[in-house]
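Q: Can you take me through this structure? I'm new to reading these.
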Amino acid sequence: MEKFRLILLPFSWLYGLVVNLRNWFYNIGVFKSKEIPGASICIGNITVGGTGKSPLTAYIAKLFESKKPVILSRGYGRKTQGLVIANATSTASDLGDEPMMYWTNFNRQIPVVVAEKRQIGVDWIRENKADSLILLDDAFQHRAVKPGLNILLMTYDRPVFKDFVFPAGNLREPRSGMKRSDIVVITKSPKDLAEKSKTIFHQKIPLSKDRIFFSEVIYGDLNGLFGEIWESVDQIILVTGIAQPEPLYRFLAENHPVEAIKFPDHHAFTREDIQQIQQKVATFAHQRCAVVTTEKDAVRFAEWKEVILESKIPFFVQSISLKIDREQDFKDLLKNYVVRANEGSC
């Protein structure tokens, strides 16, 4: 597969040239980039899919809960268009799975706004939530707006400096795009990462090492999707529609036999999918069996509540959080930025 992708390198060079030209036009002002007034933080990436933007966005939203954060997203995969504000009747189909996950996990206390054109979302937020901190989820390439602080994510096992531009690789833009970042977070890092391993990233990333951080995923409790109580089981069926389910599979497999059912990233689950899951569960009829899914998938399954309850499939959601090395330094960088941004907008 890797050799086949290398054959596509000429197409990657062409694609990279077009993206570089677009970025150059923004840099010299041919394409206009409107600076966002007040405090705003972009959490984005260069790599296609699965870098851990959602957990970090939620982490920062919780960190600044007292600063009235608003999460602004494109709302990828939603069935609506234009500006949509999360409300009491919103579903994943209305907002997209990630925005709906934020809305749900924060008990509808942190506003969530979706708009393909981020400027429209920014304008609504500044008109209606004037003093809020805007968190732009996955907007690193959306240069029509200019956030005050850019956080770039890359995974430990797929660093930008070892990858190629699509289609030969997984990069949305050439590696030089890293230079637009103010902070880089290496996500999904191994536990107790050696300083020698960190040095490789420090040498390859065009930022001072005090602005480069490493984070690891912490798996928490298994929570019932519809109030189920977790009890030890003989078999787990892991059902996912995310870019990289393998780390969760490995974690669960440490203590249980695991069968995986994989759907494409952002997959919109159907009645037929639930029937497929039910059939898989039936193959373990003589064992205590449970279905486990991710927080992002859970908001899409929630739209099938009646069907799932009728099927009597025990559904559980794996909670996750982040552990960031030099965490206080990371928090201080963000807090100092927000203070300066708010003072500058007075």
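A: Start with a term: helices (H or I, at least four residues) and strands (E, at least two) are DSSP runs, numbered from the N terminus. This is a predicted model, where local features need pLDDT of at least 70, side-chain atom pairs count only at pLDDT 80 or more, and totals for chains, interfaces and linings use all residues. Residues are numbered from 1 along each chain as its sequence is written, and side-chain values use heavy atoms, with hydrogens and water left out.

Q: Which strands does helix α6 lie across?
A: Helix α6 (residues 118-128) lies across β3, β4, β5 and β6. Its direction is at about 160° to β3; axes are lines fitted to C-alpha atoms, for helices over the stretch in contact (heavy atoms within 4.5 Å), and angles run from 0 to 180 degrees between N-to-C directions.

Q: How many strands form the open sheet?
A: 12 strands, with mixed pairing, in the order β4-β5-β3-β6-β2-β8-β9-β10-β14-β13-β11-β12. Two strands pair if DSSP finds at least two bridges between them.

Q: Which strands stand at the edges?
A: β4 (84-85) and β12 (258-262). Each has a single partner strand, so one side of each is left without a neighbour in the sheet.

Q: How do β3 and β6 run, parallel or antiparallel?
A: Strands β3 (residues 69-73) and β6 (residues 133-137) run parallel, joined by five bridges. L72 has L136 in β6 as its bridge partner.

Q: What is K53 in contact with, beyond its neighbours within four places in sequence?
A: I43, G44, N45, Y102, D137, D138 and L153.
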